Amino acid sequence: MIETQKYGEVPALDVSASYDEATQQGAIFVVNRSQTESIVTDIVWQDGKAVQIDQVLQLAGSDPKEFNSWDAPNRLVAKAIAAPTVDNGRATISLPPLSFTVLATRTVGG
Amino acid sequence: MSTVQAQVLLDTNRTIAPISPLLFGGFVEHMGRCVYEGFYDPQSSHADEQGLRKDVLAALRDQTYSVIRYPGGNMLSGYNWLDGVGPKAQRPRRRELAWQSVETNQFGTNEFMQFCAAIEAAPMLGVNMGTGDIQSAANLVEYCNAPVGTYWSDLRASHGFRAPHDVRYWCVGNEMDGPWHCLGRVGEGAHDRDPEIWRSAGARRVRQL
């Protein structure tokens, strides 16, 4: 949890996920709002299906007011980072402060 | 330093709701360089035979838009769709009051349909509820969607589009709750104009439709 002026105490992580039954592909979107703390996050698939993480894209920085410009177009870019392995329906990823991370997932096998 | 930890629990058997593909739509407005000198630029070496820039179309196709809204935006509240159909040489140059530019009307409803087909997106048309009225909106629906054999659908056919456009998505006015749209800005500086008048007029028009 982190303290905010306007909303009081809020969770540091904001998470949403989608799943496409037809292609068996999923996506997990995670914002780490903390300006100072990395958060070691366990992702747990509860429905027992075997899953792999195909790709992880991450946008992160140290300054909430950071922006790109014509002169400096690459201050903030999404970077592919190493996809954690899923072991027994569970994967662990460290989310840096002020980051937005997308994990592309896929159900494998039956 | 202590490690901050969190847990995310996922379960495909417990979902909130389906995600409509229509959420992944876009918006085209006659504003700045969106249309002219944007994706529509017949002078460009990248233009196809319809004047659409092939490089921009390719980039837009990559985005896989489900639906695109047109023609505005604030611009819609002063737009007469009839200015933008028919032979291009006869289309009027109009003062465009929302963004205070000159609208050449070289790109209009039928060109928008070609644009949507090119990027494989469904069209969504807005009807003018600012300076327009219910009749002009109904005429546009008939122009776009009726099979030939009526006044407005025959006009479409005479413009080279015999088959109906089959527009499924319609947008009644633009931001009708807001005092900033076109009607409210005619005569900039009229700050004493009561926004409530425009708000209630807009709401009444929406109810009528």
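In which handedness of crossing does α3(B) pass α4(B)? The crossing is right-handed. A crossing counts as right-handed if the near helix is turned clockwise from the far one by less than a right angle, and as left-handed if anticlockwise.

This is a predicted model: local features need pLDDT of at least 70, side-chain atom pairs count only at pLDDT 80 or more, and totals for chains, interfaces and linings use all residues. Residues are numbered from 1 along each chain as its sequence is written, while chains are lettered from A and ligands numbered from 1 in the order in which they are written.

Stay with the two helices. Helices (H or I, at least four residues) and strands (E, at least two) are DSSP runs, numbered from the N terminus. In chain B, α3 covers residues 134-145 and α4 covers residues 151-158. They pack at an angle of about 55°, with axes 7 Å apart. That angle makes α3(B) oblique to α4(B). Angles run from 0 to 180 degrees between N-to-C directions, and axes are lines fitted to C-alpha atoms, for helices over the stretch in contact. Under 35 degrees is roughly parallel, over 145 roughly antiparallel, 65 to 115 roughly perpendicular, and the rest oblique.

Now turn to the two chains. Their contact takes 16 residues from chain A and twelve from chain B. Residues are in contact if their C-beta atoms, placed from the backbone, lie within 7 Å. On the side of chain A that touches chain B, β5(A) gives the most, with seven residues.

β5(A) also pairs with β1(B) (residues 4-10), in the parallel sense, over seven bridges. Pairing needs at least two DSSP bridges between the strands. Within β1(B), B:Ala6 is the bridge partner of A:Thr41.

Notes:
Contact = placed C-beta atoms within 7 Å.
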